[in-house]
Amino acid sequence: MLTKEQLNHFKQLIIEERDNLLKELGYLNEPSLADALNESSQGSNAYAYHIADQGTDSQEREKAYIFAARDNRYLNQLAEALERIDEGSYGICTTCNNDIEIPRLEAVLVAKQHIQCKNRKIKSSDDSTFTKEEQ
Ligand SMILES: [Zn+2]
């Protein structure tokens, strides 16, 4: 089980990663959103939906965000990872309930399995392609 400090650490990293990804994709342009991000990093789990509500053309933004999320599995993985942090299941192997190694989480923020389970089903794995290297 990760400590609260560790969970906050990974939450920050995941939010930064998502922010960078959204910027890369062109869905996050206003500087004010970066400020909102910093303020919301301590508690909100609704930021993904909050983005869509910013600005005057909110309907277009919402469509764009939904499109981006659907089109980018890594974005979805990051959103899921944030949900797991809020649920308290982040950092726990979904296969065997053991802790996922911290260095592994540092390398693959969206990892859902610890390294042994991961290696056991390497061919059917779904998170090895979502590392930072792919970005
Ligand atoms: Zn495991």
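**View 1. Contact between helices α1 and α5.** In the predicted model, L7, F10, K11, I14, E17, R18 and L21 of α1 meet Y74, L75, L78, A81, L82 and I85 of α5, a contact requiring C-beta atoms, placed from the backbone, to lie within 7 Å. By class, this contact of α1 with α5 comprises ten nonpolar, no polar and three charged residues; Ala, Val, Leu, Ile, Met, Phe, Trp, Tyr, Cys and Pro count as nonpolar, Asp, Glu, Lys and Arg as charged, and the others, Gly among them, as polar. Residues are numbered from 1 along each chain as its sequence is written. As the model is predicted, local features need pLDDT of at least 70 and side-chain atom pairs count only at pLDDT 80 or more, while totals for chains, interfaces and linings use all residues.

**View 2. Axes of helices α1 and α5.** The axes of α1 (residues 4–25) and α5 (residues 73–87) come within 10 Å and cross at roughly 155°. Helix α1 is therefore roughly antiparallel to α5, a term for angles over 145 degrees. Axes are lines fitted to C-alpha atoms, for helices over the stretch in contact, with angles from 0 to 180 degrees between N-to-C directions. The crossing of α1 and α5 is left-handed, meaning that the near helix is turned anticlockwise from the far one by less than a right angle.

**View 3. Surroundings of C117.** C117 lies in helix α7 (residues 115–120). Because C117 has 16 C-beta neighbours inside 10 Å, C117 counts as partly exposed; a residue is buried with 20 or more other C-beta atoms within 10 Å of its own, exposed with 12 or fewer, and partly exposed in between. Leaving aside residues up to four places away in sequence, C117 touches C93, T95 and C96. The C-alpha atoms of C117 and N98 are separated by 9.7 Å, the two residues being 19 apart along the chain.

**View 4. Confidence along the chain.** The mean pLDDT of the protein is 77, with 61% of its residues at 70 or more; pLDDT is the predictor's confidence in each residue, from 0 to 100. Confidence is lowest in helix α3 (residues 47–53), with a mean of 51, and highest in helix α6 (residues 102–107), at 95. Over residues 41–46 the pLDDT is below 50, and this stretch has six contacts beyond near neighbours in sequence. Residues 128–135 also stay under 50, with eight contacts beyond four places in sequence.

Conventions: Helices (H or I, at least four residues) and strands (E, at least two) are DSSP runs, numbered from the N terminus. Angles under 35 degrees count as roughly parallel, over 145 as roughly antiparallel, 65 to 115 as roughly perpendicular and the rest as oblique. Two residues are in contact if their C-beta atoms, placed from the backbone, lie within 7 Å.
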